Amino acid sequence: MLKRRFLITNIILIAAMFLLIGINLYVGSAKISPARLLAVLSGSERDSVIGKIIWEIRMPRIFAAVFLGGALALSGYLLQRFFGNPIAGPFVLGISSGAKLMVAALMVLASSYGFGLHSSMLVLASLIGAGIATVFVILAARRVRNMSILIVCGVMIGYIASAITELMVSFAADSNIVNLHNWALGSFSGISWQNVRSFVPIVVVAAIATRLMAKNIEAYSYGEAYAMSLGMNVKAFRICLILVSSILSATVTAFAGPISFVGIATAHVIRILYRTDKPKILIPGIFMGGAVFCLLSDLLARALFAPMELSISTITAIFGAPVVISMLMRKKKEA
């Protein structure tokens with residue numbers, strides 16, 4: 001019965017993902033007929049204006065929604081396991097804001113001193129920012145046992161980092177830096193094939209590492225004493241857990257900016273759908289769930305008020321915030 005549920009849920013997630021990919025290719029400011037879309041995808045009109053819109057704008061954006069959405073969902077799941085709380089996530093704990101701050105600082109420096117930026121530099125800067133924010137959160141966690149207070153500390157770290165970022169962006173002289181305001185709100189627009197070739201390998205390796213840690217994650221969820229009784233090096237495992245989570249969230253922030261609530265809401269919804277807490281089952285589902293969530297959110301961000309485009313965090317907050325509120329209310333009742 002359980003295997004049947006897992007199979008049906010996987011089929012639904014995969015079907016939803018491919019359906020949304022098709023709709024994202026079709027819907028946009030440029031009107032494209034289904035026949036023309038099929039012609040472009042078959043390669044017969046790849047060099048036309050419509051072909052360039054599909055292959056150079058919409059397709060990389062879809063790759064970003066799938067891989068970066070999945071990465072963000074996995075990052076949230078790993079943080080929830082690390083802190084032992086379903087409310088933990090890269091956006092709520094200020095980790096995404098720390099990554100955003102360092103990327104914005106690098107872009108301002110590049111503009112001021114006239115040097116070019118490579119994708120690896122953005123990822124490295126984002127990882128440093130995420131790492132610094134994570135260290136602050138971990139230090140706070142050691143002094144504060146109440147998870148609610150820890151969440152507030154994370155939110156405050158996020159506000160400080162965001163405020164500094166806004167100051168840098170506001171006082172930047174270069175018009176391209178001023179336009180970072182849209183990126184700072186979270187967006188998949190402007191993703192290129194070069195960006196795709198940069199973030200896909202990072203996300204794939206980190207996702208595989210997460211799947212390989214599934215057995216240890218399950219043991220760790222029963223407590224450190226139980227994990228150590230199985231011969232686990234808990235200290236090394238915690239370092240790996242937070243490192244992989246930071247890499248995933250930093251990669252997302254480097255290319256798409258901070259995106260809210262995906263890391264928290266996705267894991268919670270997938271856990272309800274599968275009706276299990278086993279990591280080896282949840283991890284692939286969470287990745288697909290994050291991809292579906294971001295594909296849907298990006299579609300709505302582009303289509304609701306076209307040609308004006310909303311930030312993707314606006315849409316993810318509308319769907320994700322109620323999930324977080326329901327989780328908080330459920331925890332309050334259980335307490």
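**Exercise 1.** Find which ring the charged end of Arg-238 sits over.

*Solution.* Start at the charged end of Arg-238: it sits over the ring of Phe-82, 4.3 Å from the ring's centre. For that label, NZ of Lys or CZ of Arg must be within 6 Å of the ring centre and within 35 degrees of the ring normal. Next, check burial: Phe-82 has 7% relative accessibility, so it counts as buried (under 20% relative accessible area is buried, over 50% exposed, in between partly exposed; 1.4 Å probe, protein chains only).

A word on the ground rules: this is a predicted model, where local features need pLDDT of at least 70 and side-chain atom pairs pLDDT 80 or more, while totals for chains, interfaces and linings use all residues. Numbering runs from 1 along each chain as its sequence is written, and side-chain values use heavy atoms, without hydrogens or water.

**Exercise 2.** Work out how the rings of Phe-63 and Trp-193 are arranged.

*Solution.* First, the count: the structure holds nine aromatic pairs (Phe, Tyr or six-membered Trp rings with centres within 6.5 Å; planes under 30 degrees apart are stacked, over 60 edge-to-face, the rest tilted). Now take Phe-63 and Trp-193: their centres are 5.4 Å apart and their planes at 65 degrees, so call the pair edge-to-face. Finally, zoom out: ring pairs link Phe-63, Phe-67, Trp-193 and Phe-287 into a cluster.
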